[in-house]
Every structure is written in C-alpha cells, then in structure tokens.
Amino acid sequence: GNWDAPSNWISNNIPPNNISVGSEIIIDPEPCGQCLLNIPYTIPAGVKLTLNKAKSFVIQHNHTLQ
C-alpha cells in the first residue's frame, strides 16, 4: 500500500519526517502486495530500512537515502 496511508503501518503510525537515528522502518506488505513510497521522504543516515524477504518496495519520484 501507499507509504502515506496510516492503515498500512503498525498502530497506524506513518514513519515521521524527523525519524530518530537508531530507528528502524520495516517494509512488510501483505502477501502479493507492495509498499509504494508515494511521497517525498528522506531516510537519514543511522536509520535502518528493512525489506522483509519476498516483499515488494516501489520507490516513485526522487528520494534520498543518506
């Protein structure tokens, strides 16, 4: 589902724009689903991005991984 849809995240919490160093974002959409990064978002250095095995993560537009 879309990154900006609260219902796609645990506890309906979208990762904040000012995510803390040491935090982890876990991408784990439903079977046969995908996570679509559909908004501008920067993942700063020190934040772990985990894509669970056999899951799909689609990045639209220009995004920055530091």
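Predicted model: local features only at pLDDT ≥ 70, side-chain atom pairs only at ≥ 80, totals over all residues.
Local features need pLDDT of at least 70, side-chain atom pairs count only at pLDDT 80 or more, and totals for chains, interfaces and linings use all residues. Residues are numbered from 1 along each chain as its sequence is written, and side-chain values use heavy atoms, with hydrogens and water left out.

**View 1. The chain has six strands and zero helices.** From the N terminus the order is β-β-β-β-β-β. Helices (H or I, at least four residues) and strands (E, at least two) are DSSP runs, numbered from the N terminus. The C-alpha atoms fill a box of roughly 30 × 25 × 20 Å along the principal axes. Buried residues (under 20% relative accessible area, 1.4 Å probe, protein chains only) make up 24% of the 66 residues. Contact means heavy atoms within 4.5 Å. Among contacts between residues at least 6 apart in sequence, 49% join residues at least 24 apart.

**View 2. The largest pocket has a volume of about 400 Å³.** A pocket is an open set of points on a 1 Å grid over the protein atoms alone, where a 1.4 Å probe fits, with protein on both sides within 12 Å along at least five of seven lines; lining residues have an atom within 4 Å of a point. The volume is the space filled by probe spheres set on the points, which are joined across faces, edges and corners. The lining has 19 residues, and Asn8, Trp9, Ile10, Ile26 and Asp28 lie nearest the centre. Strand 1 (residues 24-27) gives the most to this lining, with four residues.

**View 3. Cys35 lies in strand 2 (residues 35-37).** Cys35 is buried, at a relative accessible area of 7%. Leaving out residues up to four places away in sequence, Cys35 touches Gly1, Trp3, Ile27, Pro29, Ser56, Phe57 and Val58. Asn8 is 27 residues from Cys35 in sequence, and their C-alpha atoms are 8.5 Å apart.

**View 4. Ser11 and Asn12 each have a positive phi.** Most residues other than glycine have a negative phi. Phi of Ser11 is near 60 degrees. Asn12 has a phi of about 60 degrees. Ser11 counts as exposed (over 50% relative accessible area), at 59% relative accessibility.
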